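Hello,

Here is the structure we talked about. Please open it and keep it in view while you read the notes below.

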Amino acid sequence: MTSPTEPQRTTKATHPDLPPGLVLGPDGKPCKVCNSWQDWAKIKVVKKGASSSAKSDPLAMMAAMAGGAAAVKTKADDKEADRTDCPPDTAELGRATWTFLHTTAAYYPTEPSAEHQSRMRALLSSLPTLYACAPCADDFGEDIKANPPDVSGRDGLSRWLCERHNEVNRKLGKRVWKCDWKTMDARWKDGPADGRCD
Ligand SMILES: Cc1cc2nc3c(=O)[nH]c(=O)nc-3n(C[C@H](O)[C@H](O)[C@H](O)COP(=O)(O)OP(=O)(O)OC[C@H]3O[C@@H](n4cnc5c(N)ncnc54)[C@H](O)[C@@H]3O)c2cc1C
C-alpha cells in the first residue's frame with residue numbers, strides 16, 4: 001500500500017478529473033495494462049460527462065463522476081462483444097503470463113542442467129524489471145526477493161510458482177490453490193481425472 005513517502009500509485013485528489021482508484025504507471029499517469037479495461041473505460045465516460053455539461057452546471061460534472069460506474073456498466077456491456085485484438089488489460093496479461101509460466105514449469109526437467117537452472121532463474125528474475133504492469137512487477141519483485149526461485153527441478157519449481165501465484169491471489173481476494181504436484185499436473189500438464197480435457 002502507498003505510504004506518504006512512496007510515489008502515489010492510484011488516482012486520488014491529485015487527479016480530480018479522473019475516476020478515483022485507477023492504478024498509475026511509473027510516469028504517474030493511469031496505465032492501461034495496470035487496470036482492468038472496465039475501469040479504463042470509466043475515464044472516457046467521466047471526461048465525456050464532465051465536458052458536455054460542466055460549463056453550464058458544475059454540479060453536473062460531479063454528478064457525471066458520481067454516476068460514472070452506472071454509465072460505464074452499459075458502455076462496458078456494449079463493448080464486451082468486441083474485445084478481440086484489443087491491447088491486454090491487467091487480467092488478460094496476467095492470465096497469459098501465468099499460463100506461460102505454469103506451463104513452462106510443468107515441462108521443466110526433473111533433473112535440470114546447470115544451464116536450464118540459470119536460464120530459468122534469469123527468466124523469473126527479469127519479470128520485476130520487464131513485466132508491463134509496473135505496480136504488479138514491483139510487488140512481485142518484493143515477493144521473489146523474500147522467496148527466491150526454486151529451480152532445482154520440475155516439482156520444486158511448480159510448487160514455488162503456485163505459491164507466488166497464491167500471493168497475488170491473496171492480495172486480490174481470490175481462491176488460494178493447493179500447490180501439490182497432483183493439483184499442478186492436473187491443471188497444467190495432464191488435465192483432470194475425468195478426462196474432459198483429453
Ligand atoms: C507476476 C504477476 C503479478 C501480478 N500482479 C497483479 C497485481 O498486483 N494486481 C492485479 O490486479 N493483478 C495482478 N496480476 C494478474 C492476476 O494475477 C490475474 O492474472 C488476473 O487478475 C486474472 O485473474 P484470473 O482470475 O483470470 O486467473 P489467474 O489468476 O490469471 O489464473 C489463471 C489460471 O491459473 C490457475 N491458477 C490460479 N491460481 C493458481 C495457483 N496458485 N497455482 C497454479 N494455478 C493457479 C487457475 O486455473 C486460473 O484460471 C499479476 C500477474 C502476474 C503474472
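An oxygen atom of the ligand is 2.7 Å away from an N or O atom in the side chain of K174. Bear in mind that this is a predicted model.

R95 also has a side-chain N or O atom 2.7 Å from an oxygen atom of the ligand. With W177, it is a nitrogen atom of the ligand that takes part, and the distance to an N or O atom in the W177 side chain is 3.4 Å. On its own the ligand has 960 Å² of accessible area, and the protein covers 83% of that. There are 22 residues around the ligand, and those that come nearest are R95, H165, K171, K174 and R187.

The other part to look at is helix α5, which runs over residues 114–130. This helix has 17 residues and spans 24 Å from its first C-alpha to its last, close to the 24 Å expected at 1.5 Å a residue.

Which residues of α5 are buried? They are M120, L124 and L127. Looking down the axis of α5, you will find its buried residues within an arc of 40°, so they line one face of the helix. In general, an α-helix has 3.6 residues a turn, so residues three or four places apart point the same way.

The cover over the buried residues of α5 includes α4 (90–106), α6 (134–146) and α7 (154–171). On the face of α5 turned away from the buried side are the exposed residues A114, R119, T129 and L130.

Regards

Technical notes
Residues numbered from 1 in each chain as written. Predicted model: local features only at pLDDT ≥ 70, side-chain atom pairs only at ≥ 80, totals over all residues. Heavy atoms only, no water. Helix = DSSP H or I, 4+ residues; strand = E, 2+ residues; numbered from the N terminus. Expected span 1.5 Å × (residues − 1). Buried < 20%, exposed > 50% of the residue type's maximum accessible area, 1.4 Å probe, protein only. Arc of directions from axis to C-beta. Contact = heavy atoms within 4.5 Å. Near = heavy atom within 4 Å. Polar contact = N/O pair within 3.5 Å; in protein donor to acceptor, adjacent residues only side chain to side chain. Areas by Shrake-Rupley, 256 points an atom, 1.4 Å probe, with all protein chains shown as cover.
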